[in-house]
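Reader: I'd like to see how the labels on this one hold up. Can we go through them one at a time, value against cut-off?

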Amino acid sequence: MPAPAPVATRGAWGTTWRVILAAVISGIVWGALLTQASGFSPFQRVWVWAVDPALGVAALVLTLVFVRRFPVVTGLVTGILVLVSVSVLGPALLALGSVATRRRWREIAAVGLVDLVAFLFLGVIYPHPVGELPWWGRGVVMALGIAVVVAVGIAMGQRRALVAGLRERAEAAEREQASREEAARAAERARIASDMHDVLAHRLSLVALHASAVGFRDDLDPADRATAMHTIEENARLALQELRGVLGVLRGSTDEPPEALHPPDVHVLVDEGRAAGMTIELVEDLDQTPPTALERAMHRIVREGLTNARKHARSSRVVVSIAGEPGDGLAVRVVNDAPPEMGAGALPGSGTGLISLRERVERLGGRWTQRPLPEGGYELSAWLPWAM
């Protein structure tokens, strides 16, 4: 059984043409009855001139008011009223059409049968209400009329259902589009956070490390102090330059990625860390230079590992291991051998850098591992497929 057609919003014209159609049908039958009024009794004349049209008007008002909320009840009541008023025939057929739009065959059959029986006994108080037609002739005429009304009602119901379905699909498409846009905005916010972290965390951790040395070490000679201050200035300048590059990408003024300002070079990262006082061992086993995307991922992994060591275990020894070749993939491992430092000297961390790295590695089809070591250190490692 199909679902009932949704109730359409009826405008002024929708009400007007229904009233006109019902009035025309009732008027034709009532007019035909008046041609025989000369042979009626006084009671029948009063009924046909006053009561019959009044019942027709009342049935029409009843249909217009209640047929949308109670279509079956309205159809049955108007059908029964046809027995005593030919003027109710128009509203009865109008109610039947409304029932037909629901496309429920049991309801259509019940209301249609009542209408057919009522028309067969049309105007039980009138002699020959529709001329000299025999009962079976009246049945054929009414059956054809009911069939036409039901067919039109079903067609209207199908059209309403189609329009409602199209509207629902359009609304669902709008909701899906809004959901995609929100997901895109969330992904863009995550990308911005990742780029900002990648640009600033490394440089600012170097600045903080050198500033700490200048502020807390009284044994620095003027040359060492000047070198530290120069390093702070240089890293602050580079941080601003790289931040400007990220903002340029976000504004769309450049298509160059932030890495284009400083091509990825793990040796530069290691030298910067050593210059900041870190103990770093670099172990490389590469047969050839990795592809650009792979080299950038490797650079970010090492940079994040060294940044974490500076922020959380600056006194640790860090081992950076890089190995790989085409066919076997690229393995990158950054391990520090000291537990995290606590207290005022430790730099804050947000954890977004590691989350970003894991997502980046997984997008490249690799595997990511981060874990504390039993002896108190920490390990970051990744395996990436070597794709040319």
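This is a predicted model: local features need pLDDT of at least 70, side-chain atom pairs count only at pLDDT 80 or more; totals for chains, interfaces and linings use all residues.

Reader: What makes a residue "buried" here, and which residues of helix 4 are buried?

Author: Buried means under 20% relative accessible area, exposed means over 50%, and partly exposed is in between (1.4 Å probe, protein chains only). In helix 4 the buried ones are L89, G90, P91, A92, L93, L94, A95, L96, G97, S98, V99 and A100.

Reader: How do you know what span to expect for helix 4?

Author: The expected span is 1.5 Å times one less than the number of residues. Helix 4 has 12 residues and reaches 16 Å from its first C-alpha to its last, close to the 16 Å expected. Helices are DSSP runs of H or I with at least four residues, strands are E runs of at least two, and both are numbered from the N terminus.

Reader: Why is the pair of E107 and R102 called a salt bridge?

Author: The test is a side-chain nitrogen of Lys or Arg within 4 Å of a carboxyl oxygen of Asp or Glu. For E107 and R102 the closest N and O atoms are 2.9 Å apart, so the pair passes. E107 is buried at 17%, whereas R102 is partly exposed at 22%. R104 joins R102 and E107 in a network of salt bridges. Across the whole structure, a search finds 6 salt bridges.

Reader: Which residues form salt bridges with E379?

Author: One partner is R333, at 2.9 Å from N to O. That pair links distant parts of the chain, with E379 in strand 5 and R333 in strand 3, 46 residues apart. R371 also forms a salt bridge with E379, its closest N and O atoms being 2.8 Å apart.

Reader: Is E379 buried or exposed?

Author: E379 has 6% relative accessibility, so it counts as buried. R333 at 35% is partly exposed, and so is R371 at 37%.

Reader: What makes E379 and S381 a polar contact?

Author: A polar contact needs a pair of N or O atoms within 3.5 Å; within protein, one must be able to donate a hydrogen and the other to accept it, and residues adjacent in sequence count only if both atoms are side-chain atoms. The side chains of E379 and S381 make theirs at 3.4 Å.

Reader: How do you know that strand 3 and strand 5 pair?

Author: Two strands pair if DSSP finds at least two bridges between them. Strand 3 and strand 5 (residues 378-384) have 7, and they run antiparallel. A331 stands opposite W383 in strand 5. Strand 2 (residues 317-325) pairs with strand 3 too, again antiparallel, over 8 bridges. There, V318 stands opposite N336 in strand 3.

Terms used. Residues are numbered from 1 along each chain as its sequence is written. Side-chain values use heavy atoms; hydrogens and water are left out.
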